[in-house]
Amino acid sequence: AALAGGDLGLADFRPVPPNRRDAVAVAAGFTSSVVMRWGDKVLPGAPEFDAYRQTAEAAMKQFGFNCDYVGLVPVEGRPNQALLVVNHEYTTAAYMFPADVYTDDEKRRIEMASHGMSVVLVRRGATPGSWKQVTPVNAAAQNRRIHTGTPFRVVGPAAGDDLLKTTADPSGTRVLGTLNNCAGGMTPWGTVLSGEENFNQYFEASGALDSRYTAQYARYGIRAAGSRNWKATDARFDLTAEPHEPHRFGWVVEVDPSDPTSTPRKHTMLGRFKHEGANVVLDKSGRAVAYMGDDEKGDYLYKFVSSGKFDGRGTRAARTNNLKLLTAGTLFVAKLTGDGDEDGVYDGTGEWIPLANERRSFVPGMSLAEVLVFTRLAADLVQPTKMDRPEDVEPNPVTGKVYAALTNNDGRGTAQAADEANPVTSSMVRSAPSAPLTPATGNRNGYVLEIAPDRSGHLARTFTWNLLLVCGDPAASETYFGGFDKEQVSPISCPDNLSFDSTGNLWVSTDGNALGGNDGIFRVPTEGPDRGKVQQFLSVPRGAEACGPLVIDEDRSLFVAVQHPGEITGATFEAPASTWPHTDDFPRPAVCVAYLDR
Ligand code: FEO
Ligand code: CA
Ligand code: CA
Ligand code: CA
């Protein structure tokens, strides 16, 4: 009760111990509540969710499946309301549908409608830090569902290129839908960015693959054989019929939640890869700098610097200018060089290698459009550093340093050689929280990388870096916690999404905990005597991944997306591995908010 605003950033809490509970467990003194579940009404006309009577038409008006990124955008003139913006990354039929109720085609249509994004008006609850949906939904005109049928406009230098043209869209500028939206970020101009990540899985071929794109498809994991069979429901997912359709996914998309009639956009200037997300910071000159990760074993960190400058006038014209910022600028990829292990720390220097700007390619042998559509192949030619699955890359708004979650790579030491930025080739893991530590090959627990841009700040071509965290169990010799006493930290494994509170503490969510416990959310000071003091604040239910996180509202609220509760091999709708949030006899992915229990 002695705590006030800033609760999450300032309060000393007793960490949540590793556990396998089927619950959202928060540190003592805090509580949490569910804000939106899979199937909850978003748009007028949405029926009450009924797992046995799902339709695609209903799903287009209901909260989608597998919530991931969470943003909270203020509503002008209404300080007690905000727009919750959420990604719906992917679907799993075995957890969504009871057996023998739906045809395969019905399932695919419902799954297509359950992808994308939701915009939901929320309001403050009675307890400071709590938030709930504004109901009924016809009182929330801004609410929106974006799904595989929603038109997007392609913008930036590759818009309209032949590589993006299809039978349905000879202009190469109009795409239906967004897929596998993972993480994201709020921009300084009030929009939300969202990364199209593992888009390759939706495409398959009924016959031959287009031989013009053999190397390109292979580099992006696009294969003739797949498991979703979406091509049977919508021919554009058939690579034989539409070889260019996959080129229209793998982008950063921008949504303006304040205008539900706006056409969301796909930004070609930010390159095409398995975008985890994008986080924008304004350099002191006013340029927009976006940091991005390509989530694949051995893939790269990227940065974009806008040509134009932020227009801070707050007028309609300023908004129009700001919406152009991500369409012109320079795209870079990162190379990290170690300074040797003799100093006892994993650290070194780095450079941002330019790939293209809005006028030309800097990669010999590739056109501007090719660099942007086949960014992975362009980057390969300039020899950046192969990282251990770059997830969120996020600037600390207090210190200006940049943090990247490098989630894991079981192939480090075999598929990719170790280097100082990716040094672990053998890790200690557990099968359960109480099981003994056992060795496993590769980097199983991940890192948090800290990047300090050189003097010119976010525009700098050079930087220094170090591994703030070598994650895992503190009892394992390979782990490192920013120099903090390992006796006093929580075990942490597989960092994924990052956020900062108002004092610059880092908040980390995890996906795939290799230490046998549920995933969770952890607070880590990055400066001062507590630098590296990892404390687990929250754990998510069995089989779930912790997404978001978002610390907001003067550090009173922590939003977390509980993605895929019960996703444990062998589980089905009838035999679930979780029933969280315990409103049904099957699990429902949901967004929660945690706050001080007053
Ligand atoms: Fe969708 Fe990179 O996690
Ligand atoms: Ca994720
Ligand atoms: Ca060193
Ligand atoms: Ca992940």
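Okay, a definition to start: a residue is buried if 20 or more other C-beta atoms lie within 10 Å of its own, with C-beta atoms placed from the backbone. A nonpolar core is then a set of buried Ala, Val, Leu, Ile, Met, Phe, Trp, Tyr and Cys residues joined through C-beta atoms within 7 Å.

What we have here is a predicted model, where local features need pLDDT of at least 70, side-chain atom pairs count only at pLDDT 80 or more, and totals for chains, interfaces and linings use all residues. Residues are numbered from 1 along each chain as its sequence is written, while chains are lettered from A and ligands numbered from 1 in the order in which they are written.

So, the core. The largest nonpolar one has 160 residues, and Leu 84, Leu 469 and Val 560 are among those with the most contacts inside it. Strand S34, residues 590–596, gives the most to this core: seven residues. (Strands are DSSP runs of E, at least two residues, numbered from the N terminus.) In soluble globular proteins, nonpolar side chains tend to be buried together. Across the chain, 56% of the 598 residues count as buried.

Now, which sheet is S34 in? An open one of four strands, ordered S2-S34-S33-S32, with antiparallel pairing; strands pair if DSSP finds at least two bridges between them. S2 (30–37) and S32 (545–552) are the edge strands, each pairing on one side only. S32 is joined to S33 (residues 557–563) by six bridges, and Ala 546 sits opposite Val 562 in S33.

Last one: the C-alpha atoms fill a box of roughly 60 × 55 × 50 Å along the principal axes.

Conventions: Buried ≥ 20, exposed ≤ 12 C-beta atoms within 10 Å, placed from the backbone.
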